[in-house]
Every structure is written in C-alpha cells, then in structure tokens.
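Please look over the sequence and the model before reading on.

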Amino acid sequence: MPRLWEADPNASFKRRLGKSATELGGTHDDRTCPDIWELSNGDVAIIGRDLTSGYAMRLPRGVSIGADERLVVIPGIMMRTAKEDIPDA
C-alpha cells in the first residue's frame, strides 16, 4: 500500500523558521548547526542530531520509526523561536 505522504527530494529550501543556532548562541560553527527550514512545497526540514538508535527502544506506545526515517533532536529554543514563523492553520 502506498504511503499517504512522501517526502519530495526535489523541493528547495524556501526560508528559515525561527533563528539560526548562531543567533541563539548555540554554536560557533555555522557548518554543523541544527536548523529548521520551510521547503518550497510547504514541508519542513529539520537538521539535528541523529538519536534514532538512542531512542528506538524506548519510544512511547504507538510511535514508530520507519526504516527510512530518523529521529532527530534540536535545541528546544530553536522550536520555540520558530513558533512565530509557523501559521496556526
């Protein structure tokens, strides 16, 4: 059965949501920073630390990570500052 949603690898980066890790004082190295981006098709790209293996065995009931998916973690302040850039509907 085909998935109802599929990521589009051809979508381009449209705009940053929130502030960069440098602006938030979370890094001094712009090349290896967590980030949140809206893509040209409206999807969102998250750049963070891959902690899939660290969380895989302790996911809440009903949560799963597909073979082609990764659980990434970003600083909470990044998501909170992105809130103003994310529409309610």
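A salt bridge is counted here when a side-chain nitrogen of Lys or Arg lies within 4 Å of a carboxyl oxygen of Asp or Glu. In this predicted model, Arg-15 meets that definition with Glu-38, their closest N and O atoms being 2.6 Å apart. Arg-15 belongs to strand β1 and Glu-38 to strand β2, so this pair ties together parts that are 23 residues apart in sequence.

Glu-38 also forms a salt bridge with Lys-14, at 3.8 Å between the closest N and O atoms. Lys-14 lies in strand β1 (residues 13-16) and Glu-38 in strand β2 (residues 35-39), so here the parts joined are 24 residues apart in sequence.

How many salt bridges does a search of the whole structure find? The search finds 6, including the pair of Arg-3 and Glu-6, with 3.8 Å between the closest N and O atoms. Arg-3, Glu-6 and Asp-68 are linked in a network of salt bridges.

The table gives the accessibility of residues named above.

| Residue | Relative accessibility | Class |
|---|---|---|
| Arg-3 | 46% | partly exposed |
| Lys-14 | 54% | exposed |
| Arg-15 | 32% | partly exposed |
| Glu-38 | 16% | buried |

Glu-38 counts as buried because its value of 16% falls under the 20% limit.

The largest pocket holds about 290 Å³ of space. Its lining has 13 residues, and Ala-7, Leu-39, Val-44, Ala-45 and Ile-46 are the closest to its centre. Strand β3 (residues 44-47) gives the most to this lining, with 4 residues. By type, the lining of the largest pocket comprises 10 nonpolar residues, 3 charged and no polar.

Notes:
Residues numbered from 1 in each chain as written. Predicted model: local features only at pLDDT ≥ 70, side-chain atom pairs only at ≥ 80, totals over all residues. Heavy atoms only, no water. 1 Å grid on protein atoms, 1.4 Å probe; cavity = no way out; pocket = protein on both sides within 12 Å on 5 of 7 lines; lining within 4 Å. Points joined across faces, edges and corners; volume = space filled by probe spheres on them. Helix = DSSP H or I, 4+ residues; strand = E, 2+ residues; numbered from the N terminus. Nonpolar A, V, L, I, M, F, W, Y, C, P; charged D, E, K, R; others polar. Buried < 20%, exposed > 50% of the residue type's maximum accessible area, 1.4 Å probe, protein only.
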